[in-house]
Amino acid sequence: MCGIFGVLGLSCGADAARAITTECTRKLRHRGPDDEKFFISADGWCALGFARLSINDPAHGAQPMHNDAVTTHAVTNGEIYNHEALHKERLDNAPLHSHSDCEVILPLFEQVTKGVELDSEGLLPAEPATALYDGLRGVFASLVVDEARGVFVAARDPIGVRPLFYGTSGDGAMWFASEAKALMAHCGRVTAFPPGHVYLGARGSPAAGRFVRYYTPAYAKPGLVPTTPVDLPALRANFERAVSWRLMSDVPVGVFISGGLDSSLVASVAKKHLPPGYTFHSFSCGLEGSPDIAAAQKVADYLGTTHHVHTFTVAEGIEALKDVITHLETYDVTTIRASTPMFLLSAEVRKYVKVVLSGEGADEVLAGYAYMHNAPTPADLHKECLYLVNRLHTADVLRGDRSTAAHCLELRVPFLDRDFVDMGLGFDPADKSFGPDHGDRIEKWAIRQAFTKGEAGNTEEYLPKEILWRQKEQFSDGVGYNWIDGLRDHCAAAVSDEALANAASRFTHDPPKSKEAYFYRDLFESIYGQYEAVQGLRASIQRWVPKWSDTEDPSGRVQKIHVNFKKLDE
């Protein structure tokens, strides 16, 4: 996990540009405490900053990176898992300055843009840039500047696993940063960079460039509902590769284990691919006596990991809320509920590892949420999965990134591997349907069956049956049911009936509908409401509301299919 910053088009001179770049990059130092470097062009037009968390080739691989002529510059926060293949097949093993996986981006950029003429707007044509980033397999937020030709390209990975924001200022400059907080004081509006896109800009008017989509998967064609039956052996093999890729690291790797299917499967596959004798640290958290802690311990004992448990109290979680919202840059109820335990646990994880694996994304790709059993048709279920995957960068992906980056950790999420997502959303959604109308099949049946010994050609035991077939607990529920109940009680006492009744007059954009939502919104506005740019940030926030349900509360426990179903008024 690193932090990148870039601004193109400042006219204040190199000294002032350096001061601005230093100030903005230092707001990202929690993402990269190991090193800090800058590049400022002679006239200050191009200014880049990088806060590094050293993972691959810690002794080298410093950024910003430059070509030999120091005319093209790049900063990237990401992991490029196919970098060795790209180096061999596309770059003919040409000498590089380091073993950093991100270094291939700059010579690939030079290769695909060599001899390419700029278009009538003075921009690079879209095809070279889209081809470059479409060929990467990994996660990234990237900015490449060709100073000699006065053009630049920014890009974000297909799902938005790595964060990137952009903004504009009154002088026409274009700004980029890993987190919005680095831009708020300088831009009139700050917005999330769309995943799966590149931005093409030019020196004459940096903010007048254009976005172009490079990731156009077949499963997302309007009206298309896949009909291909799920291939369980291929699904298993694809996931195994996704996990093994994410073990690429020159520093220790650990894993979050909640005791549910997703994180436990990640841990099991990772353990099989790590060398013998590797000290594999695993981590879980919850209130004292929570269901997740007990289940996670069972998984850790089965796999033989070095396990760490962090227990917290409702009071400790409430005390952390302002810090959590500061890092998250959101007021979404679901995200805050789930982020707070992860934020508290990450402070403990940092004592042991720099890289941690997790199970985010499985429920969106494979239809794992309890409310989804009410989907009227498989086509509706597929449409809902698409919707959730397309907004993951505002929800669970955001939660995972910010909760861990706050404590100098890099989170890796195998279920959101691009090829796995393509496969997971590319088979018949009827194979994802579950519940009473589908033979009482449990959610995420396909991935469970694929990893069951004796099924679909699988000869290995990955997990105990009671874990592999455990019903989903949403993270904010599984850490202890009293967590959400305690949050609601605290917010109910802190927010008056009158304040909630007048919420729409105070918060004209997206007014809160519950006292809990009001409480979080009030904290968010106290942190970011002073900035003009906040309206763009507000517009980037999307509330997570379950469909086909008689409640808008996101807790899985309020769905009747849940074994511990509880009405909100109980």
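Predicted model: local features only at pLDDT ≥ 70, side-chain atom pairs only at ≥ 80, totals over all residues.

Reader: Let me start with one side chain: is R203 buried, exposed or partly exposed?

Author: Those words come from relative accessible area: buried means under 20%, exposed over 50%, and partly exposed in between, using a 1.4 Å probe and protein chains only. At 36% relative accessibility, R203 counts as partly exposed.
Residues are numbered from 1 along each chain as its sequence is written, and side-chain values use heavy atoms, with hydrogens and water left out.

Reader: Which residue does R203 meet in a salt bridge?

Author: The general idea is that side chains of opposite charge can pair when their charged atoms come close. The rule here asks for a side-chain nitrogen of Lys or Arg within 4 Å of a carboxyl oxygen of Asp or Glu. R203 meets D43, at 2.3 Å from N to O. This pair links distant parts of the chain, 160 residues apart: D43 is in the loop between β2 and β3, and R203 is in the loop between β11 (197-202) and β12 (210-213). D43 is partly exposed too, with a relative accessible area of 36%.

Reader: How many salt bridges are there by that rule?

Author: The count comes to 40. Some of the residues join up: R31, E79, R162, E179, K181, E329, D401 and R402 are linked in a network of salt bridges.
Another pair to look at is R418 with D134, at 2.8 Å from N to O. R418 is buried at 12% relative accessibility, while D134 is partly exposed at 28%.

Reader: And where do D485 and R488 lie?

Author: For helices, start with the turn: an α-helix has 3.6 residues a turn, so residues three or four places apart point the same way. D485 and R488 both lie in helix α18, three residues apart, which is about one turn. Their closest N and O atoms are 3.4 Å apart, and they form a salt bridge. D485 is buried, with a relative accessible area of 16%, and R488 is partly exposed at 23%.

Reader: What is the strand order in the open sheet of six strands?

Author: Two strands pair if DSSP finds at least two bridges between them. Here the order is β2-β3-β1-β9-β8-β10, with antiparallel pairing. β2 (35-40) and β10 (189-192) stand at the edges with a single partner strand each, so one side of each has no neighbour in the sheet.
Now zoom in on β3. Strand β1 (residues 3-8) pairs with β3 (residues 46-52) in the antiparallel sense over six bridges, with L8 opposite C46 and G3 opposite A51. β2 also pairs with β3 in the antiparallel sense over six bridges, and E36 stands opposite A51. β2 and β3 form a hairpin with five residues between them, and G44 in the turn has a positive phi of about 80°.

Reader: Why is β3 described as largely enclosed?

Author: Seven of its seven residues are buried, so β3 is largely enclosed by the rest of the structure. C46, L48, F50 and R52 point one way, and A47, G49 and A51 the other way.

Reader: Which residues have the most contacts inside the largest nonpolar core?

Author: In soluble globular proteins, nonpolar side chains tend to be buried together. A nonpolar core is a set of buried Ala, Val, Leu, Ile, Met, Phe, Trp, Tyr and Cys residues joined through side-chain atoms within 4.5 Å. The largest one has 180 residues, and Y133, W175 and F176 have the most contacts inside it. Helix α21 (residues 515-528) gives the most to this core, with eight residues.

Terms used:
Helix = DSSP H or I, 4+ residues; strand = E, 2+ residues; numbered from the N terminus.
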